[in-house]
Amino acid sequence: MKLVFAGTPEVAVPALDALLASGRHEVAAVVTRPDAPAGRGRRMVASPVAERAEEAGIEVLKPVRPKDPDFLERLREIAPDCCPVVAYGALLPRVALDIPAHGWVNLHFSLLPAWRGAAPVQHAIMAGDEITGASTFLIEEGLDSGPVYGTVTEEIRLTDTSGDLLTRLAFAGSGLLAATMDGIEDGTLKAVPQPAEGVSLAPKVSVEDAHVDWRAPALRVDRVVRGCTPAPGAWTTFRGERLKIVQARPVPERTELTPGLLSAGKNDVHVGTGSYAVELLWVQPQGKKPMRAADWARGVRIAAGETLGN
């Protein structure tokens, strides 16, 4: 088939690579978000998908909005058979959805209908799910509600951050997307409507969602830290300033610390929760780079009775 691939961040690149490597389909163009300011200099930078497409010599389309007439006209000229999508980042209007003969097929990082929305991996970790996966489905105008072509499953490990899990799903899902394109082309794959039961929503995780509540049980604190790493980053406050919690681990044997109470040893830092303690492994003070929690504690000279979240 002739394909137009839509995607923007680094997590979409493995799927584009898989389609380029398959040799079965022609990736005629790529659709991605416009260049955006990045870094301290705030210079305009192309998306990872745009950079990969340019390396491969593929036409790159960067509409400000997918309903822009010039973009729609160019899409009609290309006349794709199907448009595979991975984390494109913009809503597609009906007029765009109707252009390819086989529609737009999205690779979504959950086992639909669970975790429809922008942040399925973060929500799966924060909810304590043991299994997640990726799904390919036909895009409709509803939120991730279209019929499903296929799925792959992935175990959520006890130490997984959302970054770790998303990386694994990006590679596992790339094979699923390529196989879905093959099945659509040869007619062996039919999309199956999602069940009405089991729907859960995964909206974008806000900075406030990443605020650690030390009154919560240790397992909940651990899930928030892992689910919000690397973005938006779990955080608390110390002496009135924000402190990011980059890495932590539950310590069931320490039950004497009250919520938020700090205990700093020579090489470790523990903090109390609503159940047992967690050990802080890496933190990032405001305006500084990430550092080992023990080094941070020595530098600030934690006094007896000091707490986080004060």
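Reader: Which residues lie nearest the centre of the largest pocket?

Author: Those are Ala-87, Tyr-88, Gly-89, Gly-117 and Ala-118, out of 34 residues that line the largest pocket. Keep in mind that this is a predicted model.

Reader: OK, and which elements give two or more residues to that lining?

Author: That would be E7 and H5.

Reader: How much space lies in the largest pocket?

Author: About 1000 Å³.

Reader: What's the lining of the largest pocket like by class?

Author: It has 23 nonpolar residues, seven polar ones and four charged ones.

Reader: Now the second largest pocket. What volume does that have?

Author: About 230 Å³. The lining there is made of 13 residues, and Gly-128, Asp-129, Leu-158, Arg-223 and Arg-226 are the ones nearest the centre.

Reader: Switching to the backbone: where are the cis peptide bonds?

Author: One joins Leu-112 and Pro-113, with omega at about 15°. Another runs from Ala-231 to Pro-232, and its omega is near 0°.

Reader: Where is Pro-113 found?

Author: Pro-113 is in the loop between strand E7 (104-108) and helix H5 (120-126). E7 and H5 also came up for the lining of the largest pocket.

Reader: And which loop does Pro-232 lie in?

Author: Pro-232 is in the loop that links helix H7 and strand E10 (235-238). H7 is the helix that gives four residues to the lining of the second largest pocket.

Reader: What about positive phi at residues that aren't glycine?

Author: Trp-115 has a phi of about 55°, and Arg-239 has one of about 50°. Trp-115 sits in the loop between E7 and H5, where Pro-113 is also found. Arg-239 is in the loop between E10 and strand E11 (241-251).

Reader: Is Trp-115 buried or exposed?

Author: Trp-115 counts as buried because its relative accessible area is 14%, and the cut-off for buried is under 20%.

Reader: And Arg-239, what's its relative accessible area?

Author: For Arg-239 the value is 42%, so it counts as partly exposed.

How values were computed: Residues are numbered from 1 along each chain as its sequence is written. This is a predicted model: local features need pLDDT of at least 70, side-chain atom pairs count only at pLDDT 80 or more; totals for chains, interfaces and linings use all residues. Side-chain values use heavy atoms; hydrogens and water are left out. Buried means under 20% relative accessible area, exposed over 50%, partly exposed in between (1.4 Å probe, protein chains only). On a 1 Å grid over the protein atoms alone, a cavity is a set of points where a 1.4 Å probe fits but cannot get out, and a pocket is an open set with protein on both sides within 12 Å along at least five of seven lines; lining residues have an atom within 4 Å of a point. Grid points are joined across faces, edges and corners, and a volume is the space filled by probe spheres set on the points. Ala, Val, Leu, Ile, Met, Phe, Trp, Tyr, Cys and Pro count as nonpolar, Asp, Glu, Lys and Arg as charged, and the others, Gly among them, as polar.
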